[in-house]
Amino acid sequence: MSTPRKAVVVGAGIGGLTAALALLERGIDVEVYEQSNELKEVGAGIQISSNGTRVLFALGLEAALAKVQVRPERRELRHWSTGETWNWFDLGDKNVERFGTPHLMFHRADLHDLLAGAVRARKRDAITLNKRCLAVASQAGHADATFVDGSTVRAPYVIGADGIHSTVRVCLFGPSKPIFTSCIAWRGLIPMQKLPPRLARMVGTNWLGPHGNVLHYPVRRGEIMNFVSTSERDDWQIESWSTVGTRQELRNDFRDWHPDVQVMIDQIETPYKWALMIREPMPTWSKGRVTLLGDACHPTLPFLGQGGVMAIEDGYVVAACLDKYFAEPDVACARYEEIRKERTAAVVRKASENKASAFAPSLADKDRIAEEVAREWQQVRRRERLEWLYNYDATAIAV
């Protein structure tokens with residue numbers, strides 16, 4: 001009797017749901033197990049660059065995305081103190097002409113809901129909630145996932161898409177050893193109507209400062225502004241997206257910054273904070289019939305905007321490899337890693353390098369800022385540096 005084409009995905013985040021959808025599209029049955037008792041994402045924004053929208057469009061989501069997206073025309077830079085503004089790089093139609101698909105901005109919950117709906121449209125009962133994974137094991141002809149409630153599921157493959165604190169990763173390789181970067185990050189959402197017209201615009205904005213960085217961009221059709229910032233601090237080392245801070249603490253981190261930054265901070269209802277950690281690239285992601293994707297195997301700092309996009313690429317590629325080599329688990333997992341490890345390691349390295357330029361001491365000097373922008377942030381230079389990132393086509397390489 002032939003083995004049924006089936007996979008279990010542990011974790012129903014953006015990467016896990018992308019993998020589930022890609023597997024279902026290839027005729028592979030999927031069961032997704034999520035530890036939360038409701039299917040939801042954090043209140044935050046996410047940017048999906050062309051290399052990510054290329055995958056989402058290939059999965060048939062273009063029309064659905066259009067209902068919740070923001071398609072900005074450009075990104076701009078502003079000086080942390082003077083507010084001086086530079087056009088950073090073009091998006092919109094010019095981005096499509098260059099890379100084939102657009103750069104889009106979303107509320108994470110909207111993208112998450114859309115992916116979950118697409119999975120359920122193909123298999124109504126694909127996602128099971130309130131199932132916290134306790135252990136995984138690879139056997140000769142199958143893999144098992146065991147949950148806290150005592151239940152066990154079995155399938156030819158198990159994919160760990162359970163995030164930065166992955167239980168699947170720990171089961172396979174033991175605990176990781178994160179290194180604190182001496183930076184903390186903040187996030188918050190602002191209703192667009194609470195912002196003055198000079199800030200309530202459909203562009204992404206990076207504020208450059210010597211010991212911090214602020215990014216804000218519109219999401220959910222332009223109804224909400226997403227605010228993300230990082231600052232150099234060594235007094236907070238909890239790596240969690242759900243820790244609530246205070247506006248006063250956030251204000252204190254950016255107390256000398258331009259009044260426009262203060263206006264935005266004052267309108268954030270609930271600011272969240274987390275410590276930024278780095279981890280060494282893993283030499284392997286798989287054992288037997290169990291493998292990992294996304295933050296479970298290559299978490300990255302937020303200085304390249306690619307964490308979620310890498311999980312989307314992973315999800316498409318792992319589905320293609322399982323489809324092609326389903327009866328050969330060693331080959332399927334080896335090919336998946338062969339395609340993805342160098343790519344994701346390069347992204348992790350570049351994001352770490354970008355931290356230095358984002359916090360360059362020269363940015364404190366208003367007389368040197370134009371020189372710094374021309375050297376490190378100029379539009380032509382950025383295009384040249386990032387061609388490798390945005391031109392990547394997971395839908396073509398995954399064969």
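User: Which residues form the covered face of strand β10, and which the uncovered one?

Analyst: Helices (H or I, at least four residues) and strands (E, at least two) are DSSP runs, numbered from the N terminus. In β10 (residues 152–155), V153 and A155 make up the covered face, while T152 and R154 make up the uncovered one. This is a predicted model, where local features need pLDDT of at least 70 and side-chain atom pairs count only at pLDDT 80 or more, while totals for chains, interfaces and linings use all residues. Residues are numbered from 1 along each chain as its sequence is written, and side-chain values use heavy atoms, with hydrogens and water left out.

User: How many bridges join β9 to β10?

Analyst: Two strands pair if DSSP finds at least two bridges between them. Here β9 and β10 run antiparallel and are joined by four bridges. R154 in β10 is the bridge partner of D144. The two strands form a hairpin with four residues between them, and G150 in the turn has a positive phi of about 95 degrees.

User: Is H142 buried or exposed?

Analyst: Buried means under 20% relative accessible area, exposed over 50%, and partly exposed in between (1.4 Å probe, protein chains only). With a relative accessible area of 19%, H142 is buried. H142 sits in the loop between β8 (133–138) and β9 (143–147).

User: What does H142 contact, leaving aside its neighbours within four places in sequence?

Analyst: Contact means heavy atoms within 4.5 Å. On that basis H142 is in contact with A137, R154, A155, P156 and R289, its neighbours within four places in sequence being left aside. A polar contact is a pair of N or O atoms within 3.5 Å; within protein, one must be able to donate a hydrogen and the other to accept it, and residues adjacent in sequence count only if both atoms are side-chain atoms. The side chains of H142 and R154 are joined by a polar contact of 3.1 Å.

User: Which residues of helix α2 are buried?

Analyst: Seven of the nine residues of α2 (residues 50–58) are buried, and the helix is mostly covered. The buried residues are S50, N51, G52, T53, R54, V55 and L56. Just after α2, G60 has a positive phi of about 85 degrees.

User: What is the strand order in the open sheet of five strands?

Analyst: The order is β7-β2-β1-β11-β18, with parallel pairing. β2 (residues 29–33) pairs with β7 over two bridges, and V32 stands opposite I127 in β7.

User: Which residues lie nearest the centre of the second largest pocket?

Analyst: On a 1 Å grid over the protein atoms alone, a pocket is an open set of points where a 1.4 Å probe fits, with protein on both sides within 12 Å along at least five of seven lines; lining residues have an atom within 4 Å of a point. The second largest pocket is lined by 20 residues, and R279, E280, P281, M282 and C297 lie nearest its centre. Helix α10 gives the largest share of the lining, four residues.
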